[in-house]
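Subject: Structure for your study

Dear colleague,

Please find below the structure that I am handing over to you. My findings follow it, and I would ask you to read them with the model open.

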Amino acid sequence: MDLADDLPSQTGSVPMTWDAPPFDPELALALARSTSGAREPITPENLAARQERDAAVRPRPTVQELRADGRFAVAELRVPGAPHGPDVTLVSARPAGLDGPLPLLYYLHGGGMITGNAWSVLPRVLRDWAEPLGLAVVSVEYRLAPQARYPAAVEDCYAGLVWVAAHAAELAVDADRIVVGGKSAGGGLAAALALLTRDRGGPAPIGQLLLCPMLDDRAGTVSSRQLAGVDTWDRTSSATAWQALLGDRYGAPDLPPYAAPARATDLSALPPAYLDVGSAETLRDEGVAYAQAIWRAGGQAELHVWPGAFHGFDTIAPRAALSRDARDTRTRWLRRVLTRSDEVGGPAR
């Protein structure tokens, strides 16, 4: 049984079958050679086993390993969490030898809200962005579902952001040049965090980097049906993850936008956004719709739809031409946002 068949549709009546866009040939070859089980759907029945397997096999580099023979300065921090919540672990890293307050990428890892950790994403983030752009990075170890349901994860992320901004001087980061970002679930959390800090009057990011973001719990888009059983993250896995996160609130009509940012009715006064998705991924249409909603609200969004790309394509095939193009494009956006904020002397909002 498809777990999302009984959810309200986002776009009205959607046909049950659609021809799926083809995968980019280079990406398709890499996926066929992958031994990671990337296309095995996550279900409520296998969720616990998948979480155990992820915890066992996902890299979790130590602080010493992340320092990469002195290339980076790295520290683990325990900071106060949300009221009545546990402390939050942050992993702070920066290129070694760079003095003065650096701009900060506040990064939220992927994993569908049910897997992943703050350490495994850092080697690539440090290599791709921190070193070439002179960025500091803080990666957040937020609580995972279903052990901790909404709003645990987004509140962990918000508490960490507030602490970092308040302690910017001791971290040698620039509180006026913070970009929130993440991939997949982390992209959804970054979008939710931008909404939450706007509405609470919290630290104002200068940008939001939303990579194949997980934004909508309703599974009503064409792409969610079009890529069913095809994408590496299909609607069965997505429904399992949302149900784990939301519990009894799964699919509820009054779900807050901080749980699923696609539910937001007001996308005004947000920092400039970068969104990218693949043409052959489940989350394609919700990412495109979010960019359109930002534009309709008078905001700034840069949208890229990578032809023939599936969910997480640049992780499975990092050396593919499309993956290299995507990384270069993200880096150029980050550089522009940081340069623009430096020129105007403060947040771009």
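Glu40 counts as partly exposed, because its relative accessible area is 34%, a value between the 20% limit for buried and the 50% limit for exposed. Please note that the model is a predicted one. Glu40 forms a salt bridge with Arg53, and their closest N and O atoms are 3.6 Å apart. This pair links distant parts of the chain: Glu40 lies in the loop between helix H1 (25-33) and helix H2 (47-57), while Arg53 belongs to helix H2, 13 residues apart. Arg53 is likewise partly exposed, at 37% relative accessibility.

In general, side chains of opposite charge can pair when their charged atoms come close. The structure holds 17 salt bridges. One of them joins Asp174 and Arg177, with the closest N and O atoms 3.3 Å apart; both Asp174 and Arg177 are buried. Another is formed by Arg330 and Asp276, whose closest N and O atoms are 2.8 Å apart. Here too distant parts of the chain are linked, since Arg330 is in helix H12 (residues 321-344) and Asp276 is in strand E7, 54 residues apart. Arg330 is buried, with 3% relative accessibility, and Asp276 is buried as well, at 2%. Arg330 and Asp276 also take part in a network of salt bridges with Lys183 and Asp314.

Which buried residue has no salt bridge? It is Arg94, located in strand E2. The nearest side chain of opposite charge, that of Asp99, is 6.6 Å away from Arg94, whereas a salt bridge requires a distance within 4 Å. Beyond its sequence neighbours within four places, Arg94 is in contact with several residues, including Phe72, Leu102, Leu135 and Ala172.

Ala172 has a further feature: a positive phi of about 55°, although it is not a glycine. It lies in the loop between helix H6 (168-171) and strand E5 (173-183), and Ala172 is partly exposed at 25% relative accessibility. His84, also not a glycine, has a positive phi of about 70°. It is found in the loop between strand E1 (72-79) and strand E2 (88-95), and His84 counts as exposed, at 89% relative accessibility.

Pro146 lies in the loop between strand E4 (136-141) and helix H5 (152-166), and Pro151 is found in the loop between E4 and H5.

I turn now to the nonpolar cores. The largest has 64 residues, and those with the most contacts inside it are Leu90, Tyr106, Leu108 and Tyr290. Helix H7 (residues 185-200) gives the most to this core, with nine residues. A second, separate core of 41 residues includes Ala118, Leu211, Leu227 and Trp306. Leaving aside neighbours within four places in sequence, Leu108 is in contact with residues among them Val140, Tyr142, Leu189 and Leu193.

Tyr290 is one of the buried residues of H10. Helix H10 (residues 284-296) has 13 residues and reaches 19 Å from its first C-alpha to its last, close to the expected 18 Å. The cover over its buried residues includes H7, strand E6 (207-211) and helix H8 (222-226). After H10 comes Gly298, with a positive phi near 85°.

Note on methods. Residues are numbered from 1 along each chain as its sequence is written. This is a predicted model: local features need pLDDT of at least 70, side-chain atom pairs count only at pLDDT 80 or more; totals for chains, interfaces and linings use all residues. Side-chain values use heavy atoms; hydrogens and water are left out. A nonpolar core is a set of buried Ala, Val, Leu, Ile, Met, Phe, Trp, Tyr and Cys residues joined through side-chain atoms within 4.5 Å. Buried means under 20% relative accessible area, exposed over 50%, partly exposed in between (1.4 Å probe, protein chains only). Helices (H or I, at least four residues) and strands (E, at least two) are DSSP runs, numbered from the N terminus. Contact means heavy atoms within 4.5 Å. The expected span of a helix is 1.5 Å times one less than its number of residues. Lys and Arg count as positive and Asp and Glu as negative; His and the chain ends are not counted.
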